[in-house]
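Let's take a quick tour of a protein chain, one topic at a time. Keep the sequence and the 3D view open while you read.

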Amino acid sequence: MAQLWGGRFTKETDQLVYNFNASISFDQKFFKQDIEGSIVHTIMLAKQGILTKEEKDEILKGLTGIRQDVEDGKLAITEEYEDIHSFVEANLIDRIGDVGKKLHTGRSRNDQVALDMRLYTRLEVLNTDSLLKELLQTLLTIMEEHTQTYMPGFTHLQKAQPVTLAHHIGAYFEMFKRDRSRLKDIFYRMNYCPLGAGALAGTTYPIDRAYTASLLGFEGPTLNSMDSVSDRDYVIEFLSALSTIMMHLSRFCEEIIIWNSNEYRFVEIDDAYSTGSSIMPQKKNPDIAELVRGKTGRVYGALVSILTTMKGIPLAYNKDMQEDKELTFDAIDTVKGCLALFEGMVRTMKFNEDVMEKSAALGFTNATDAADYLVGKGMPFRDAHGIIGRLVLFCIEKNCSIDELSIEELKGISPVFEEDVYRAISLKTCVEKRLTIGAPGPEAMREVIRMHKEYLKKDWQDEDDMFGGMLGELEIKEEMKK
């Protein structure tokens with residue numbers, strides 16, 4: 001078919017070149033954003049007297065008709081069109097004739113695609129944030145239920161000190177909370193409108209970019225037309241944030257996989273989130289956790305790809321930037337799917353509290369507290385450290401825990417030990433005496449949980465200034481009637 005840019009050319013584009021150049025197979029994902037941007041652009045052109053009211057009404061009727069027919073399945077987006085912009089404009093002209101050719105007044109495909117990508121990314125930032133919030137709600141419920149579920153804390157995958165399950169899960173709460181903060185920053189930084197920047201140098205038509213930005217829910221227009229069409233920083237930032245989310249999910253999945261093993265048995269994954277073996281009937285595999293862990297590399301790849309694409313591009317727009325879409329779409333869909341599945345897996349997972357507590361008791365996690373006990377009796381810490389080291393070695397040889405030793409055996413290592421040592425090194429004491437904010441003690445955890453509840457009540461998506469001077473969908477409809 002004839003191209004929207006065909007006037008300069010005297011030969012048809014080679015079919016292989018056309019196929020290689022076309023983006024309709026993936027940028028049709030922008031269909032709603034492209035129609036929305038065109039509707040607002042038309043309203044602005046009429047407001048500025050560039051279109052008559054009659055022309056505006058015809059174009060808007062044509063655009064809304066195309067949107068409805070696609071949504072109803074009456075009109076297919078096919079690969080005979082180069083991109084989604086060509087599809088919309090060509091169908092508009094077919095429906096309303098030459099008036100449809102006026103839609104593109106005062107804009108270029110460069111600022112048009114920049115707008116579509118920004119609108120799409122902005123929406124997906126919000127969608128991803130909502131999934132993160134749902135996961136945080138689930139984690140907080142687990143924390144509330146397990147402030148006194150004892151388990152070993154690890155360093156180097158070696159048992160270190162006793163903590164609670166609430167405290168351990170709370171570490172991931174902090175990670176995903178930071179992920180939401182990053183998304184909020186990205187939203188506010190990207191929320192400026194590139195439409196009206198033209199190909200790279202603006203336009204001579206008296207358009208009102210601030211009005212366009214307002215109708216589309218942006219804080220305002222972008223302030224440099226060259227940067228407007230060549231900026232993909234927000235895509236890079238979003239992919240970076242998505243990569244960090246996947247890194248956090250992957251770390252959590254790694255622990256769940258370990259905890260689910262026969263050696264640990266800290267958790268049992270619900271049947272709905274597990275699979276079996278085709279040959280070994282006893283197997284119950286943590287496939288969802290493994291797949292989430294595996295898909296992390298897929299999202300990392302999208303980030304590295306766009307960084308590599310953008311690193312050598314001079315100003316302003318270059319066709320290389322078409323590569324910002326496919327992998328970004330895939331990364332967004334991957335992360336949203338992983339978040340939804342992971343939340344369900346964690347919400348339905350059973351925690352074996354007795355196994356966790358026994359593991360903490362048998363892992364010498366109270367050794368540091370035993371050393372602190374000796375220090376409390378007046379012994380220098382370095383001497384206490386050495387004595388407890390010998391004590392642990394003795395327990396290993398006897399295959400028992402420290403608190404299973406008799407007082408005579410303890411005194412055989414150091415005469416400083418008294419009967420009160422058993423209370424001092426119990427898991428309950430070891431945890432409960434850690435009362436500083438951020439520690440696993442129940443009082444400290446209850447305060448942190450209270451703070452988390454307050455945090456989740458205040459959703460940044462509800463903030464009044466979130467969409468700047470947004471008029472909103474109802475106002476757009478009102479403007480369409482004028």
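Predicted model: local features only at pLDDT ≥ 70, side-chain atom pairs only at ≥ 80, totals over all residues.

Residues are numbered from 1 along each chain as its sequence is written, and side-chain values use heavy atoms, with hydrogens and water left out.

**Nonpolar cores**

- A nonpolar core is a set of buried Ala, Val, Leu, Ile, Met, Phe, Trp, Tyr and Cys residues joined through side-chain atoms within 4.5 Å. Buried means under 20% relative accessible area, exposed means over 50%, and partly exposed is in between (1.4 Å probe, protein chains only).
- The largest nonpolar core has 111 residues, and the members that touch the most others are F87, L139, F176, L242, L249 and F342.
- Helix α10 (residues 233-259) gives this core its largest share, 16 residues. Helices here are DSSP runs of H or I with at least four residues, strands are runs of E with at least two, and both are numbered from the N terminus.
- Zoom in on F342: skipping neighbours within four places in sequence, F342 is in contact with L135, L249, F252, C253 and I256. Contact means heavy atoms within 4.5 Å.

**Two helix pairs**

- Axes are lines fitted to C-alpha atoms, for helices over the stretch in contact, and the angles run from 0 to 180 degrees between N-to-C directions.
- Helix α6 (residues 109-145) packs with helix α12 (residues 326-347) at about 15°, and their axes are 10 Å apart. That is why α6 and α12 are roughly parallel; the label covers angles under 35 degrees, while over 145 is roughly antiparallel, 65 to 115 is roughly perpendicular and the rest is oblique.
- α6 passes α12 in a left-handed crossing, where left-handed means that the near helix is turned anticlockwise from the far one by less than a right angle, and right-handed means clockwise.
- On the α6 side, the residues that meet α12 include L135 and L139, and on the α12 side they include L339 and F342.
- The residues of the contact of α6 with α12 divide into 14 nonpolar, 4 polar and 5 charged. Ala, Val, Leu, Ile, Met, Phe, Trp, Tyr, Cys and Pro count as nonpolar, Asp, Glu, Lys and Arg as charged, and the others, Gly among them, as polar.
- Now look at α7 (residues 165-190) and α19 (residues 442-457): they pack at about 30°, with axes 12 Å apart, so α7 and α19 are also roughly parallel.
- α7 also passes α19 in a left-handed crossing, and A166, H167, F173, E174, K177 and R180 in α7 meet M445, H452, Y455 and L456 in α19. This contact divides into 5 nonpolar, 2 polar and 3 charged residues.

**Helix α14 and its surroundings**

- In α14 (residues 367-376), the buried residues are A367, D369, A370, A371, Y373 and L374. They pack against α15 (381-398), α17 (421-424) and α18 (427-432).
- D369 has a relative accessible area of 0%, and leaving aside neighbours within four places in sequence, D369 is in contact with A424, I425, C430, K433 and R434.
- C430 sits in helix α18 and is also at 0% relative accessibility. C430 and A367 are 63 residues apart along the chain, yet their C-alpha atoms are separated by 9.9 Å.
- G378 follows α14 and has a positive phi, near 105°.

- Most residues other than glycine have a negative phi, and most peptide bonds are trans.
- H156 has a positive phi near 55°; H156 lies in the loop between β1 (150-155) and β2 (158-164) and is exposed at 77%.
- R265 has a positive phi of about 55° too; its place is the loop between α10 and β5 (267-268), and R265 is partly exposed at 46% relative accessibility.
- The peptide bond from L315 to A316 is cis, with omega near 0°, and A316 is in the loop between α11 (287-310) and α12.
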